[in-house]
Amino acid sequence: MNKYMKSFWMIAALLVASTFMLTACNDDDDSGDVTSEIVIDKVYSHTKKSTTRVIEQARLGSMIRIEGTGLATTREIYCNGYPATLNLNYVTPTSVIFRIPSKAPVGSDCEPDVMNTIRVVTLKDDYTFEFQIMAEAPAVTNISHTLPNPGEVITIYGARLKDISEVILPGDVSITGEGIVEVDEDGEFLRVRIPEDYADEVGGAITVVSNNGLAYSRNYFNRRKHIVNSKFYGEDSDGYQTSNPYCADCQSGSHGYYGWGSNIVTDLTDPIPTEGDGHKNTDNEKWGARYGSMPEEPATVPVLAGSDNAYDTGLGRVVFNCCAIYTRIFGLTKDLGEGAITSATPLSRLAIQFDIYVPGKWSQGRIAYLAVDGGPDYMQSYTPWLVTTSSGQEVKPVEMDGWQTVTMPLDKFPAFKGETALFLQKAAASGEWTYQSFITFYNDTIAGAPAPTEIPNFIFYFQNLRIVPYDQPEVPDEDEEAEGEVVE
C-alpha cells in the first residue's frame, strides 16, 4: 500500500471516530448531567442587592435565577404562558438566569391553567413548576370619605387596584367577599361597604390586600378624635379649652364666628343627600355631625374678577379663630400615643381635612381654605373637576353621590414648608385680622381652566374641620435579605 493510500485510510478512520464521538456527546445527558430530566431545586432573586435570597414569588420585570439539574440545553422559558427572552450565555447545566417578561399576564388577566407557573423547555424535557408571578404592587392615593358611617360605601382610589382579596380598616376590621362592592377593571379604584357593626374609633391607615401585594392609605382614616371644629358656631367648644401662650384671646376656645350674615348657616342637622349609598350627614352627636352651608339657599355665584381683596368672594366665608383650633388639637390628641400632635410635630406629617357636599354637577370655581390670615401663601384651593392628563388640564365635571373629604397637606401651604406645629400656632397668634381662618368659595380665573362664568343655583355644604396625621406606612422592601432564606 503506497503512502497516499495509507493517508486516506487514516483520515477516514479519524472521521469515523470523530462522528462516533460527536454522536456519543449529543446522546449524553445535558453535557455531563446524570439525567436529562429537569429538576428545579430553588429559585433565587438575582439583583445587585442579592443573589442568595431564595424566593417563592417575584414581580414582572424581575431578574431571577432557577437552579437544579438537567438545564444545560434550555431553549425556551414561559412565565404564565408568555415567552421570556433567553440568553444562552446565562444557561448552565445547573442554572438559568432570566428576566420575567414585563408583559406577561397576571392575576385575572391570565389563563387559569398557566397562572403562577414557569415552564422550562430543554432539548430533552419540558417541565412546569408553580411560582407566583405578580404585577407591580398596588398603590392607594386617596379615600372618598375618611369618616364614614356604618353601612356606607367608600371609594378607595389609586393604581393597580386589581385582584383584591381583602380590605382592612384601622382596628383590624376585615372587609372581604360581598363587602368589596366593586373593583375597577383598570385598577384605578375599588368600592367597599363599611360593616354595619363598625364602631371602632381607632384611626390609622387602610390596608388593601391583593394578589400583587399590599397597599396602604395615608394614616388619616377615622380620625374622629382630631376634629377641632364640627359645628362652626360660637359655642363649639366641646369641653376642650386649651390655653395658647402666644394668643391670650384664644383661651376662650371660641372659634365659630362666621361672616356675611344670613348668607351662611352653620348649625344644620338634616341628613343629606337623601339618596344613594355614599356618605350622608346624620344627626349623630357622638361624631359631631352638624354642618354648615354656603350660601344659605342655592344662589347664583358671580364671577370674581379684577379684585385685589382676597376676601371679596361674592358669596361669603365661614370664619373661625385659628389660633384656638391650632392649640386645641394638642389637647384633643394628647392621650393618643403615637397619634398625638405636639408642638414639635413636623407639618409635613400633618394635613387639614374637612368634608364637603356639592349637589349637582360642579365644573368651575374653587373651595379654598385659609389656614392663617396672611394672604395666598397661607391658602390652598380644591378643584377636583380640573384633572391633569397627559395632554394637559381637562375639565371633568364632578357629581357627588355623597359627602367627600378634602385633604390639604400642611406643608403644601407655601408659608409652612419645613415648619412644625409650633410655627403654625405662632403664625395663627400673630395674624392682624383677629386670628382668622376661613373656608370660602371663589369663582375666579384658574390656570388651565376655561374662563369662568356665572354659576347658577349653586350651594356647597361643609363640616368636621380636623387636623390629622399624614404619614403613609411603607410596604416592606422585597429585596431585604431578612425576608427570605440566605444561602451560606
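Is D355 buried or exposed? D355 is buried, with a relative accessible area of 0%; here buried means under 20% relative accessible area, exposed means over 50%, and partly exposed lies in between (1.4 Å probe, protein chains only).

## Basis of the model

This is a predicted model, in which local features need pLDDT of at least 70 and side-chain atom pairs count only at pLDDT 80 or more, while totals for chains, interfaces and linings use all residues. Residues are numbered from 1 along each chain as its sequence is written, and side-chain values use heavy atoms, with hydrogens and water left out.

## Overall composition

The protein contains 3 helices and 33 strands. Of the 488 residues, 48% are buried.

## A four-stranded open sheet

An open sheet is formed by 4 strands in the order β6-β5-β8-β9, with antiparallel pairing. The edges are held by β6 (82-83) and β9, each with a single partner strand, so one side of each is left without a neighbour in the sheet. Two strands pair if DSSP finds at least two bridges between them.

Within this sheet, β8 (residues 117-122) and β9 (residues 126-130) are joined in the antiparallel sense over 5 bridges. The two strands form a hairpin with 3 residues between them. V121 has D126 in β9 as its bridge partner, and R119 stands opposite T128, also in β9.

## Arginine 65 in strand β4

R65 belongs to strand β4 (residues 63-69). R65 counts as buried because its relative accessibility is 9%. The side chain of R65 reaches the backbone oxygen of T51 at 2.9 Å. This is a polar contact, that is, a pair of N or O atoms within 3.5 Å; within protein, one must be able to donate a hydrogen and the other to accept it, and residues adjacent in sequence count only if both atoms are side-chain atoms.

Leaving out residues up to four places away in sequence, R65 touches K42, V43, Y44, S45, H46, T51, S95, V96 and I97.

## Helix α3 and strand β23

In helix α3 (residues 421-429), the buried residues are A421, L424, Q425, A427, A428 and A429. An α-helix has 3.6 residues a turn, so residues three or four places apart point the same way. The cover over the buried residues of α3 includes α2 (322-333) and β23 (350-357).

Strand β23 also holds Y357, which is buried with a relative accessible area of 10%. Apart from neighbours within four places in sequence, Y357 is in contact with I272, P273, M400, G402, W403, I459, F460 and Y461. Y357 and N281 are 76 residues apart in sequence, and their C-alpha atoms are 9.5 Å apart in space.

## Salt bridges

Side chains of opposite charge can pair when their charged atoms come close. A salt bridge is taken as a side-chain nitrogen of Lys or Arg within 4 Å of a carboxyl oxygen of Asp or Glu, and the count by this rule comes to 8. One of them joins D109 to K162, with the closest N and O atoms 3.3 Å apart. D109 lies in the loop between β7 (95-99) and β8, and K162 in the loop between β12 (153-159) and β13 (164-169), 53 residues apart. D109 is exposed at 53% relative accessibility, whereas K162 is partly exposed at 22%.

R466 and D355 form another salt bridge, their closest N and O atoms being 2.8 Å apart. R466 is in strand β32 (residues 455-469) and D355 in strand β23, 111 residues apart. R466 is buried at 0% relative accessibility, and D355 is buried with a relative accessible area of 0%. The side chains of D444 and R366 also meet in a salt bridge (2.8 Å, N to O). D444 lies in the loop between β31 (436-442) and β32 and R366 in strand β25 (residues 366-370), so this pair ties together parts that are 78 residues apart in sequence. Both D444 and R366 are buried.

Notes
Contact = heavy atoms within 4.5 Å.
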